[in-house]
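Q: Could we go through this structure together? I am new to it and would like to begin with the terms.

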Amino acid sequence: MSQNVFSLDDTRHKLRRILEKAKQRVPLSRSDVKWILDLSEPDTIEDLFKAARKLREKYFDNRVFLYGFLYFSTYCGNSCEFCLYRKNNSAAVRYRKSLVQIIESSRCLSESGIHLIDLTMGEDPEIFQAGEQGFDRLLQTIRSVKQNTNLPLMLSAGVLPEAVLRELPEAGAIWYACYQETHNRALYQKLRTRQDYDIRINSKRRAKELGLLIEEGLLVGVGESINDITDSIFVMDELKADQVRVMSFVPQKGTPMEHFPPPNSLKELLVIALMRLVFPECLIPASLDVGGHAQLHRKLAAGANVVTSLIPPSQGLAGVAQCDLDIEDGKRTTAGIQSVLKKSGLEPASSQEYHSWLNQRLESSPPVSDQTLF
Ligand code: SF4
């Protein structure tokens with residue numbers, strides 16, 4: 001018993017030392033990061049979450065940002081092992097929204113008081129195989145949503161050619177999201193079949209150089225080790241990602257990973273808290289896409305400061321990981337999450353507060369290209 005007590009004291013002492021480093025903005029070492037990821041003792045984990053919330057409060061007060069999610073085409077030419085929407089999976093619901101429908105859903109999101117619209121699609125062959133014409137259509141879609149909502153926009157549409165990335169700011173997008181999901185190259189090759197690791201990661205580097213804000217993400221529960229997650233944290237740091245997200249893998253019907261065991265949800269929470277320690281001033285989403293409304297409070301309690309994947313009901317729109325969870329009953333709307341925000345002691349930021357975070361972030365990393373893009 002005395003040994004246990006001694007170990008617990010030791011653990012607490014070590015956690016305090018790491019938290020103090022994070023508070024002072026001293027970079028955490030690889031062994032610090034791995035140690036946090038290996039935590040299992042409930043009281044110590046609670047102390048970690050508490051520290052993550054304190055850091056969030058230091059940089060964001062009690063404000064959170066709300067992101068609408070508009071998955072406008074569920075077609076994709078790729079075959080990622082983990083994804084419901086992989087090419088040829090007949091279990092996936094496929095749709096391709098028209099421009100009129102996209103604008104209607106965008107207006108609906110805008111009127112609900114969100115801060116940003118995340119325009120998402122798979123690598124839809126209708127766009128990707130039509131060359132310049134296809135990407136012109138994509139850019140036109142972004143322009144139309146911008147004109148109709150005047151909201152900040154994020155584009156999550158796979159790996160885009162540099163020429164298209166260059167056009168994004170003018171079209172109205174401020175963010176480019178493209179998740180690697182793992183930074184272990186061997187695991188990446190298994191998960192993102194026949195997709196080049198370097199092309200994907202370099203698209204984010206280039207987007208950042210062109211003056212876009214970037215979001216990088218990882219999946220937990222796909223066969224990665226603690227070392228791999230540690231690598232992801234350091235790659236995110238090297239990329240200077242502005243928003244960093246972690247999501248738990250959810251087994252998808254009709255995919256090669258359909259029977260892969262889902263991870264313990266604690267893993268995602270530990271990574272959220274760790275991200276807050278390493279990237280205190282960055283945006284860290286609590287995604288409604290995994291665990292929905294019921295799990296939102298835990299993600300916010302671990303230090304997240306963005307609620308993502310808000311989806312308006314009655315629009316025939318899907319999510320990604322749990323494609324219909326909580327959508328039609330309105331639980332994934334700004335009104336639907338108010339009770340969770342209140343319980344978490346948080347409130348939605350004003351749009352001015354979101355704009356001022358964006359401006360400050362853009363000013364701290366101006367484009368390195370010869371063009372002034374903003
Ligand atoms: S993860 Fe993205 S690129 Fe991969 S199959 Fe799914 S939609 Fe396509």
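A: Ala, Val, Leu, Ile, Met, Phe, Trp, Tyr, Cys and Pro count as nonpolar, Asp, Glu, Lys and Arg as charged, and the others, Gly among them, as polar. This is a predicted model, in which local features need pLDDT of at least 70, side-chain atom pairs count only at pLDDT 80 or more, and totals for chains, interfaces and linings use all residues. Residues are numbered from 1 along each chain as its sequence is written, and side-chain values use heavy atoms, with hydrogens and water left out.

Q: How do the residues of the lining of the largest pocket divide?

A: Five are nonpolar, none is polar and eight are charged.

Q: Turning to the strands, is β2 buried or exposed?

A: Strand β2 (residues 116–121) is mostly covered, with six of its six residues buried, that is, under 20% relative accessible area (1.4 Å probe, protein chains only). Strands here are DSSP runs (E, at least two residues), numbered from the N terminus.

Q: Which residues lie on each side of β2?

A: Leu-116, Asp-118 and Thr-120 are on one side, and Ile-117, Leu-119 and Met-121 are on the other; all are buried.

Q: How many bridges join β1 to β2?

A: Six bridges join strand β1 (residues 63–73) to β2, and the two run parallel. Strands pair if DSSP finds at least two bridges between them. Gly-68 stands opposite Ile-117 in β2.

Technical notes:
Buried < 20%, exposed > 50% of the residue type's maximum accessible area, 1.4 Å probe, protein only. Helix = DSSP H or I, 4+ residues; strand = E, 2+ residues; numbered from the N terminus.
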